[in-house]
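This briefing is meant for someone opening the structure for the first time.

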Amino acid sequence: MKSILSDLRLKYAERNWHETFKLVRRCMDKSRDVSKPCELLGRSLERLQEVLNVSSMNAMRSRLEMIARQQGMGFHITESTCYLTADLFYLEVVLLPCGGVEEVKVAPHGGSPVPSESLLQLLRSKFFADFSVKLERLVAQYNIPGDNDVKLKLFASLQHLGKDLQEISHLTKTPEDSDPEMNMINNRMIGCLIPGKEDCPLTIHFYTIPIEEMKTSVSHISGVEPVLQTAQVTVGPSTVAHMLQTASVIPQPSQLDLQGFPVLMPLSEGPYETFPACFLLKLQPPIPMMLPFVKKLSQITDVTIPDVDLQWAPLPKLLLRGSQSASSHMETLDEQDTIYTVPLHGDVTHSYIFPGASWEVPAQRATVMDSIPFTHPAHVPPLLELLRHQCATNTLLRSCMCTSPGSACDLHFEILPELDTSFSVTFHRPNADSLAVLLVNISDSHQINCSLFGAGIGDSSVDEYVSSVLKRCMSVPVTLHALYSKLEQITSSPLSPSCRAATEAENEHSTPSITTVTNANTTLSQSAAVPEDSFTVSDSACYAMSVAKSELLSEINTSPAVNPYPFTPAVVFPHWMTNNGHLSKLI
């Protein structure tokens, strides 16, 4: 064997690379199994081509042929033009004698070739890996299920859908806002619609956040990146047959209903045909969605989302997977609880804890959705609104996960789930040995309201202030930083004479026992003179203000396992700060 290899090396030592390529191709053509060429020789040829510079027309042809075969496409040559072919489109590449590329065109089935500047620049720059990735997306765009007849009908149906969505986008109005682009993306029924092209499907930009304002308030956070949620409109296979349009479903002349949405033809009247397929909103990036939201998707479209294909996990864990900086710098108190450190401007650092016992309950399960099936243009606006709702929740929770290593924490906060549309933040009030609770309720992506609870807190203007800050920046740390400063101003302001006299009278009383304070709180909560949702103060100003279950809004979770408001003499701490010495570790 050694002598044979030695003879082969001597025989081909003086041969150039072009002859080596020809030899490998001849060996591949003589493969014993015609239906399955020799994979080892194929990989060898690919490796040879990847390491060599493309400096001739033949070299460029070979590279394009290899990329086409990798994507399962056909490859044909006519003089200086290469054709990469698929069932519903083909790519036309015009070469120069030196191996350069003069023009790249994409031609859909039944359409004329259209120049593609993006593909042209990739080939001219010899970024073959990026060209291969874009070609893979192009193949996926035209990868329509069924035989040739069904493929053509579904392709035509997808084009009709795209035209209807464009017309709906033009007919609907967008509310005025200070930022027109952000307003169009977040508030328009169809979002910001980018018409489809031969080399790119129709794309909808439907959610973004004011990242510039967040960056001015948050410092040294590597996880703060522009957030733009998009959806590509495509078609995919389905195990259940669905009625899909075969022409436009917008009657002419077009009419608007009372909500300003165009009137569309119902399934019983419009031009529809049954196909083993459905339309898809392919989400980029994929969105972690809670179980109630996933169920609402099916209620809107009447298309069942198979549960067998979904993998469920607590929502914070799924959000964490999309943030490498948070997962690399997070701190764990035990096997479940996780702490994130967030630095803010002004040399202030927050720590946020997500108690595992609270977030791992079945009600807080979530799954990552990468595509949403639907069958009618009327489904798109409510689907986008539901996706925006979940994106708003995810954005707020993820803002607490933008971490920075090696920072000493000034303030500590606990994030607890309440309902599927709300969560609470528990923290120490400034200049007081008591807790405050901020309830964040996300009715939808446009209605986000905050309610602050704590002993002696009853100013509705504070709730309005916090809500406005949160909606403006969509960041929990930035909002809490502003709230904490606001509370410091309130507590540091001089007391009125009546409040001062009441405080001095309270200090003259002896310190009550825990039982006495508890009984007093129970009596107060049962008294008709005190509202049930008020917060009570113990008999001594030296003691902390307690928060009892009966004093919370019904929206706030009050089960013992996740109750963050236990009464403790002198200082009230959340449960995560008093378990197993965690308090000494954090402070």
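In this predicted model, strand 17, which spans residues 435-442, is mostly covered, with 7 of its 8 residues buried. Strand 17 pairs in the antiparallel sense with strand 16 (residues 422-428) over 7 bridges, and it also pairs in the antiparallel sense with strand 18 (residues 448-453), here over 6 bridges.

**Around strand 17**

- An open sheet is formed by 5 strands in the order 1-2-3-4-5, with antiparallel pairing, and its edge strands, each pairing on one side only, are strand 1 (74-78) and strand 5 (114-115).
- Strand 1 and strand 2 (residues 81-85) run antiparallel and are joined by 5 bridges, and His76 stands opposite Tyr83 in strand 2.
- Helix 4, covering residues 57-70, lies across strand 1, strand 2, strand 3 (89-95) and strand 4 (101-108), and runs at about 155° to strand 1.
- Helix 5, covering residues 117-124, lies across strand 3, strand 4 and strand 5, and runs at about 145° to strand 4.

**The sheet with the order 6-7-8-9-14-10**

- Another open sheet is built from 6 strands in the order 6-7-8-9-14-10, again with antiparallel pairing, and strand 6 (192-194) and strand 10 (312-314) are the edge strands, each of which pairs on one side only.
- From one strand of this sheet to the next, the twist averages 40°.
- Strand 10 runs antiparallel to strand 14 (residues 365-374), to which 3 bridges join it, and the bridge partner of Ala313 in strand 14 is Ala366.
- Helix 8 (residues 180-187) packs on the sheet, where it touches strand 6, strand 7 (203-208) and strand 8 (228-245), and the direction of helix 8 makes about 105° with that of strand 7.
- Helix 10 (residues 291-301) lies across strand 9 (272-290), strand 10 and strand 14, running at about 160° to strand 9.

Notes: Residues are numbered from 1 along each chain as its sequence is written. This is a predicted model: local features need pLDDT of at least 70, side-chain atom pairs count only at pLDDT 80 or more; totals for chains, interfaces and linings use all residues. Side-chain values use heavy atoms; hydrogens and water are left out. Two strands pair if DSSP finds at least two bridges between them. Helices (H or I, at least four residues) and strands (E, at least two) are DSSP runs, numbered from the N terminus. Contact means heavy atoms within 4.5 Å. Axes are lines fitted to C-alpha atoms, for helices over the stretch in contact, and angles run from 0 to 180 degrees between N-to-C directions. Buried means under 20% relative accessible area, exposed over 50%, partly exposed in between (1.4 Å probe, protein chains only).
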